[in-house]
Amino acid sequence: MPAASSASSLRTRGAMLCLLSVLALLVLARDAATHQGLARYDRAVSLLLHNAGTPLHAQLLGGVTALHSTLGILGMGALLAACLLRRGEKAWLALWCMVVPAGMLANLALKHLVRRPRPSFDGALPHLSNFSFPSGHTTGAALFYGFLVLYGLGRTAQAPRRWLLVLAACAMTALVAFSRVYLGFHFPSDVAASVVLALAWTGGVLAIAGLPTRPALSKA
């Protein structure tokens, strides 16, 4: 496929992903505000996980959530940025800035737009005073690992490696999302909205900027 046609196809798919994800995000935001749809089960699921929690699991998942805080994501991003600069891949560094830090700012803006209170349980971890919808940790993880998928897919044409990369990114994002609900910091619909927001933002960036070009890869 010619490079121009491939780039145009990528932008079209990015725009479609953005549009569909924005529609899903609007539904989730409405449900969170009206306690309909997925949000009807939020408190029941959160309470179930809270009651089933153990100190050991809380400690392990606390480590996962700490690693994917804003500082954690930006710290890992700084290491990635150094690697990209060392490789001379400035276009990928610019794309990372558009996807991850900018996407995290969009998450913060959406928090203040929806203004959903945090979950509150007896005996839970310290209650946070900022807003719950969507989860910043989960959005940051989805954006960061999503970017790694985009970068990695451009470096290998082998299907097994590509699937492994995608599955690993999904697993890490799901683990972060689960940790936020398990620890009582978010409702399930909060973390679901975070993943959808990350898809919408990444799709929008791809629709506008596309991907940096690379030489054709061999499947051998």
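Hi everyone. A quick definition before we start: the helices I'll name are DSSP runs of at least four residues, numbered from the N terminus. And please keep in mind that this is a predicted model.

Let's begin with the overall picture. The chain has 8 helices and 0 strands, so in sequence order the pattern reads α-α-α-α-α-α-α-α. The radius of gyration is 18 Å, close to the 17 Å that the globule rule gives for 220 residues, so the chain is as compact as a globular protein of that length. Its C-alpha trace spans about 60 × 35 × 30 Å along the principal axes. Buried residues account for 41% of the 220.

Now to the second largest pocket, with a volume of about 360 Å³. Which helices each supply at least two residues of its lining? They are α4 (70-87), α5 (90-114) and α6 (136-153). The largest share, 7 residues, comes from α5. In total 20 residues line this pocket, and those nearest its centre are Thr-70, Asn-107, Leu-108, Lys-111 and Gly-136. By type, the lining divides into 7 nonpolar, 10 polar and 3 charged residues.

Is Leu-148 buried or partly exposed? Buried would need under 20% relative accessible area, and Leu-148 has 27% relative accessibility, so it counts as partly exposed. Setting aside neighbours within four places in sequence, Leu-148 is in contact with Leu-80 and Leu-165. Leu-148 and Leu-95 are 53 residues apart in sequence, with 11 Å between their C-alpha atoms.

Terms used
Residues numbered from 1 in each chain as written. Predicted model: local features only at pLDDT ≥ 70, side-chain atom pairs only at ≥ 80, totals over all residues. Heavy atoms only, no water. 1 Å grid on protein atoms, 1.4 Å probe; cavity = no way out; pocket = protein on both sides within 12 Å on 5 of 7 lines; lining within 4 Å. Points joined across faces, edges and corners; volume = space filled by probe spheres on them. Nonpolar A, V, L, I, M, F, W, Y, C, P; charged D, E, K, R; others polar. Buried < 20%, exposed > 50% of the residue type's maximum accessible area, 1.4 Å probe, protein only. Contact = heavy atoms within 4.5 Å. Rg over C-alpha atoms; globule rule 2.2 N^0.38 Å.
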